[in-house]
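Reader: I have some questions about the labels attached to this model. Please set each value against its cut-off.

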Amino acid sequence: MRLVVSLVMVMAVLALLMAGQWWAVLLLFLVAALAGRRAKARSGRGWEQWDKTEQYPYLKKPLLTKREYRFYWMLRQCADAYGWLVCPKVGLKDLLDVDEEEADCTYHFNRISQKHVDFVICDERLRVLFAVELDDASHDTQQARKKDWFKNKAFESAGIPLERVREIEMQRVEQLFLRYWNKEQGVQK
């Protein structure tokens, strides 16, 4: 719409100039300037005024699904026993970095920027020990398997272990924590 108005204005100015009506051109510019100033005054000076009247369609939702929440509490029980922390829904861009030597950093960053991992287990200094993906039947599709493969390779590349858990069983969670506890103890010796 603005393009059409601009083209009409340019054509009108050219027609008036060709007809020798320079005073009409001056008047046209004056009217356009006043109209622009008035429109700016009506729209407010900044986002503050606009923001107050805008209606947003966002609703609150739980951070975790019921299944994820149940699994979170199992992870929490084990993490507390070791003095570790459970961080849910961590963005990959917050865990992984792109090598600046890489030719196409933006491409590789964009591949991780909108993804997350279900849980990250950290020690008391917030050092990442391992990550956990809680898989279900939705991970059985070909498209989901491709996404899972990419995430597995990205974590492998960064040297962060990524554990995939399908069944929510306390014994499996305890074994997982014990394995990483033993690794940590081996590193510290």
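Reader: Why is Tyr69 called partly exposed?

Author: This is a predicted model, and in it Tyr69 has a relative accessibility of 46%.

Reader: What makes Tyr72 buried or exposed?

Author: The relative accessibility of Tyr72 is 14%. Buried means under 20%, so Tyr72 counts as buried.

Reader: How do you know that Tyr69 and Tyr72 are separated by about one helical turn?

Author: Both belong to helix 4 (residues 66-82), where they are three residues apart.

Reader: Why is the pair of Tyr69 and Tyr72 called stacked?

Author: Two cut-offs apply: ring centres within 6.5 Å make a pair, and planes under 30 degrees apart count as stacked. The ring centres of Tyr69 and Tyr72 are 6.4 Å apart and their planes stand at 25°, so the pair is stacked. By this rule the count comes to 13 aromatic pairs.

Reader: What makes Phe130 and Tyr180 a stacked pair?

Author: Their rings are 4.1 Å apart, centre to centre, with 15° between the planes. The limits are 6.5 Å for the centres and 30 degrees for stacking, and the pair of Phe130 and Tyr180 is stacked.

Reader: Which parts does the pair of Phe130 and Tyr180 tie together?

Author: Phe130 is in strand 3 (residues 128-134) and Tyr180 is in helix 8 (residues 170-188), so the pair joins parts that are 50 residues apart in sequence. Phe130 has 0% relative accessibility and counts as buried. Tyr180, with a relative accessible area of 5%, is buried. One aromatic cluster takes in Phe130 and Tyr180 along with Tyr82, Trp84, Phe177 and Trp181.

Reader: What makes strand 1 and strand 4 edge strands?

Author: The sheet is open, with four strands in the order 1-2-3-4 and mixed pairing. Strand 1 (85-91) and strand 4 (162-165) each pair on one side only. On average, neighbouring strands of the sheet are turned by 30° against each other, direction ignored.

Reader: How do you know that strand 3 and strand 4 pair?

Author: Pairing needs at least two bridges; strand 3 and strand 4 have four, in the parallel sense. Leu134 stands opposite Val165 of strand 4.

Reader: Which strands does helix 7 touch?

Author: Helix 7 (residues 142-158) packs on the sheet and touches strand 2, strand 3 and strand 4, with its direction at about 150° to that of strand 4. Helix 4 lies across strand 1, strand 2 (116-122), strand 3 and strand 4, and runs at about 140° to strand 1.

Methods:
Residues numbered from 1 in each chain as written. Predicted model: local features only at pLDDT ≥ 70, side-chain atom pairs only at ≥ 80, totals over all residues. Heavy atoms only, no water. Phe/Tyr/Trp six-rings, centres within 6.5 Å; stacked < 30°, edge-to-face > 60°. Helix = DSSP H or I, 4+ residues; strand = E, 2+ residues; numbered from the N terminus. Buried < 20%, exposed > 50% of the residue type's maximum accessible area, 1.4 Å probe, protein only. Axes fitted to C-alpha atoms, helices over the stretch in contact; angles between N-to-C directions. Contact = heavy atoms within 4.5 Å.
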